[in-house]
Amino acid sequence: MKKVFSFILVAIMSMSLIACGSNSEGEAGQSEEKTLYSNGGPVEFFETPWLNPGAYTSTKVLYDHLIEADANLQPSKGELAEDYTLSEDGTELVFNLRDDIYWHDGEKITPEDVKWSIEYSMNTAVINSVFLNTFKAISGSADYLAGTKNELSGVVIDGNKITITFDQVAPDALLTFTQFAPLPKKYFDGVDPLKFQQAEYFQSPVGSGPFMI
């Protein structure tokens with residue numbers, strides 16, 4: 001059954017996704033309308049990229065990540081981030097975002113989108129446990145989750161640089177950022193984190209990866 005399901009999923013994806021590129025005339029590629037089924041649950045609950053990031057082809061190709069992983073799932077180089085550094089004691093992780101990264105709607109991907117994604121994801125009910133454990137190690141996470149602070153004090157933005165400070169070592173920090181996909185903040189204005197899966201955004205997701213809906 002697993003093999004049959006895999007073949008069906010690949011077939012659906014091949015019909016549903018179009019490459020983010022241009023033809024010889026510089027116009028976006030065209031494709032007839034298809035439907036992408038993202039999971040087997042009720043139609044009003046969409047599969048999100050923050051719960052099972054490696055389970056669905058759509059999650060892998062619609063969204064880019066801050067860091068790339070090699071074939072052995074080891075962090076290798078920057079993706080959305082031009083480069084990154086992790087301190088020797090594991091308590092500070094710095095990303096420098098590239099200048100040439102855009103959402104599929106043409107808007108730039110910003111450090112604010114990244115910070116918001118981390119903060120917002122922590123309040124949803126559908127976040128991968130590895131992601132959540134990493135984010136809970138960030139300085140100020142206890143105050144943020146308790147509602148006494150409106151943001152994570154341990155995530156600081158300076159231009160295109162994002163500095164993440166940890167109160168304790170997060171052993172999976174680099175692995176987390178090879179799989180955690182930032183989302184565009186503007187599409188979730190007013191969306192209750194506990195209704196994240198029901199957000200209208202997922203009916204026509206705006207991603208950052210090599211393929212778009």
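# Questions about a predicted model

Visitor: Which strand gives the largest share of the lining of the second largest pocket?
Guide: This is a predicted model. Helix 2, strand 2 (67-69) and helix 6 each give two or more residues to that lining. The largest share is 3 residues, and the element that supplies them is strand 2.

Visitor: How many charged residues does the lining of the second largest pocket have?
Guide: The pocket has a volume of about 200 Å³. Its lining includes Lys60, Glu68 and Asp70. By class there are 4 nonpolar and 5 polar residues, and the charged ones number 3.

Visitor: Is Thr48 buried or exposed?
Guide: Thr48 lies in the loop between strand 1 (18-19) and helix 2 (57-62). Leaving aside neighbours within four places in sequence, Thr48 is in contact with Thr59, Val126, Phe196, Gln197 and Phe202. A residue counts as buried under 20% relative accessible area. Thr48 has 2%, so Thr48 is buried.

Visitor: What kind of aromatic pair do Phe135 and Phe180 form?
Guide: The count of aromatic pairs comes to 18. In the pair of Phe135 and Phe180, the ring centres are 5.1 Å apart and the planes are at 80 degrees, which makes the pair edge-to-face.

Visitor: How many residues apart are Phe135 and Phe180?
Guide: Both Phe135 and Phe180 are buried. Phe135 sits in helix 4 (residues 129-136), and Phe180 in the loop between helix 6 (173-179) and strand 8 (211-212). The pair links distant parts of the chain, and the separation is 45 residues.

Visitor: Why is the pair of Phe188 and Tyr201 tilted?
Guide: Both Phe188 and Tyr201 are buried. Their ring centres lie 4.8 Å apart. Planes under 30 degrees apart count as stacked, and over 60 as edge-to-face. The planes of Phe188 and Tyr201 are at 45 degrees, so the pair is tilted.

How values were computed: Residues numbered from 1 in each chain as written. Predicted model: local features only at pLDDT ≥ 70, side-chain atom pairs only at ≥ 80, totals over all residues. Heavy atoms only, no water. Helix = DSSP H or I, 4+ residues; strand = E, 2+ residues; numbered from the N terminus. Buried < 20%, exposed > 50% of the residue type's maximum accessible area, 1.4 Å probe, protein only. Contact = heavy atoms within 4.5 Å. Phe/Tyr/Trp six-rings, centres within 6.5 Å; stacked < 30°, edge-to-face > 60°. 1 Å grid on protein atoms, 1.4 Å probe; cavity = no way out; pocket = protein on both sides within 12 Å on 5 of 7 lines; lining within 4 Å. Points joined across faces, edges and corners; volume = space filled by probe spheres on them. Nonpolar A, V, L, I, M, F, W, Y, C, P; charged D, E, K, R; others polar.
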